Amino acid sequence: MRVLVTNGDTRPALAITRSLGRLGHEVVVAAEKQPALAAASRHCAASETYPAPDRSSNAFVASIAEIVARRRIELLLPVTEIATTLLAEQRERLPSGCALPLPPTAALRIANDKARVLEMADRLGVPAPATRVIHSADDRWKLGLRYPIVIKPSRSRVVTTAGWVSSSVEYAANEAELSRRLQALPAELFPVMLQERIQGAGIGIFACYQGGRPVAWFSHCRLREKPPSGGVSVLCESIALDPIAVACAERLLTELHWHSIAMVEFKRSDSDGELKLMEINGRFWGSLQLAIDSGVDFPALVARIAGGESIDAPPAYRTGVRSRWLLGDLDRLLSILTRRTASLNLPASHPGRLRSLALVLNPVQSARSEVCRRDDRGPAWLELRQWLGFG
């Protein structure tokens, strides 16, 4: 099968390329510029470039359609939220004969809107943090929430007349700080959710759906994240499925009539041990390689489904497998060592600087490197050069 993978500069694109290339698929890696991380893999058959999707949405879709037609692509796998959203919204522009394994556009719109996801969770009885939604910085609200408060725009990526704008999570320790941070937010990022802060381990439930039914599950726990207050995992471990988390994830995804892959993110509260829903991501995730290493090859499953194969039983996987993104881990450590502790918004249980340094430098991690693989060293060398500023 001829496969086109977008966002070749990302780690999920690299995991997809390695997975499908090893299986004999012809993988073309596209990115805004080359060389890209996934294109440096020996499993990449060819590479392409396209206009930046966040600045030139129409040109991006047109370029992808042209590549699909010229290379006779049979399977298109977008990786990031912007690429996934644009191609889902304009899938009719793609040549016929190319599979785009995505859920219905309406379902993807809901998944991309955290406020709508929490509304659905409330209706379905899925536990979530106490949340208030405001529509402008001048809204008058009665919070009923304890500080610190999490300030979270309902959408991670927002399209504006000037292109796409990315949002980020912020924290407020008191009312004055909350007011100041809200006033500084661009109007396009509203509505904004104000949430109680849940301190605890991040639990990811990963799924592959075929026509509204689950055909694969996987779970991991984030051991270290970048930024350290909460974000992408730089050290994570495969864990047994939590039946409550799976039941909640299945309730949400089935309600959306989901198709293809999804990540449903929870946090387990340190205070009461209860799981709390954070968000749904309808795209491939950063730690995809860990799932593949553990025995659930999500890219291969998606390719089989796109090829018309019916998946019968969810695959089993190994627990206790660890994956480490080394340069991401070093970035995390540098932020801890060089920034003021107060600015990092660390949870109370987070280790101090010396302990953080010891943990990162400890060679006994029993973790596989996510990027550096003995049989495919090209991506690691490219990533290192770019990290050092030479690429």
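1. Among contacts in the protein between residues at least 6 apart in sequence, 66% join residues at least 24 apart. Contact here means heavy atoms within 4.5 Å. Note that this is a predicted model: local features need pLDDT of at least 70, side-chain atom pairs count only at pLDDT 80 or more, and totals for chains, interfaces and linings use all residues. Residues are numbered from 1 along each chain as its sequence is written, and side-chain values use heavy atoms, with hydrogens and water left out.

2. Overall build. The protein has 13 helices and 17 strands. These are DSSP runs, numbered from the N terminus: helices are H or I with at least four residues, strands E with at least two. A compact globule of 391 residues would have a radius of gyration near 21 Å, and the protein agrees because its own value is 21 Å. That radius is taken over C-alpha atoms, and the globule rule is 2.2 Å times the number of residues to the power 0.38. Along the principal axes, the C-alpha atoms fill a box of roughly 55 × 45 × 45 Å.

3. Of the 391 residues, 53% count as buried. Buried means under 20% relative accessible area, exposed over 50%, and partly exposed in between (1.4 Å probe, protein chains only). The accessible surface comes to about 17200 Å². Carbon and sulfur atoms hold 51% of that surface. Areas come from the Shrake-Rupley method with a 1.4 Å probe; for residues, only the protein chains shown count as cover. There are 49 positive and 40 negative side chains. The centres of the two sets lie 5 Å apart. Lys and Arg count as positive, Asp and Glu as negative; His and the chain ends are not counted. Each charge is placed at NZ of Lys, CZ of Arg, CG of Asp or CD of Glu.

4. Aromatic pairs. The structure holds seven of them. Rings of Phe, Tyr and Trp (its six-membered ring) pair if their centres lie within 6.5 Å; planes under 30 degrees apart count as stacked, over 60 as edge-to-face and the rest as tilted. One of the pairs is Tyr209 with Trp217, an edge-to-face case at 6.1 Å centre to centre and 85° between the planes. Both Tyr209 and Trp217 are buried. Another pair, Phe284 and Trp285, is tilted, with 6.3 Å between centres and 45° between planes. Phe284 counts as buried because its relative accessibility is 4%. Trp285 is buried too, at 3%. Ring pairs also link Phe206, Phe218, Phe284, Trp285, Phe298 and Tyr317 into a cluster.

5. Helix 9. This helix spans residues 298-306 and is mostly covered, with seven of its nine residues buried. The buried residues are Phe298, Pro299, Ala300, Leu301, Val302, Ala303 and Ile305. They pack against helix 1, strand 4 (75-77), strand 11 (200-210), strand 12, strand 14 and helix 8 (288-294). Phe298 also belongs to the ring cluster. Gly308 follows helix 9, with a positive phi near 95°.

6. Cis peptides. A cis bond joins Phe190 and Pro191, with omega about 5°. Pro191 lies in the loop between helix 6 (175-184) and strand 10 (192-196). The peptide bond from Lys226 to Pro227 is also cis, with omega near -5°. Pro227 sits in the loop between strand 12 (213-226) and strand 13 (232-238).

7. Asn7 has a phi of about 55°. Asn7 is in the loop between strand 1 (2-5) and helix 1 (11-22). Asn7 is buried, with a relative accessible area of 7%. Ser260 has a phi near 80°, again positive. Ser260 belongs to strand 14 (residues 260-269) and is buried at 5% relative accessibility.

8. Asn281. This residue lies in strand 15 (residues 275-281). Its relative accessible area is 10%, so Asn281 is buried. Leaving aside neighbours within four places in sequence, Asn281 is in contact with Ala262 and Met263.

9. Arg157. Is this residue buried or partly exposed? Arg157 counts as partly exposed, because its relative accessibility is 31%. Arg157 is in strand 7 (residues 157-160). Beyond its neighbours within four places in sequence, Arg157 is in contact with Glu81, Ile82, Trp164, Val165, Ser166 and Ser167. Arg157 and Ser168 are eleven residues apart along the chain, and their C-alpha atoms are separated by 9.3 Å.
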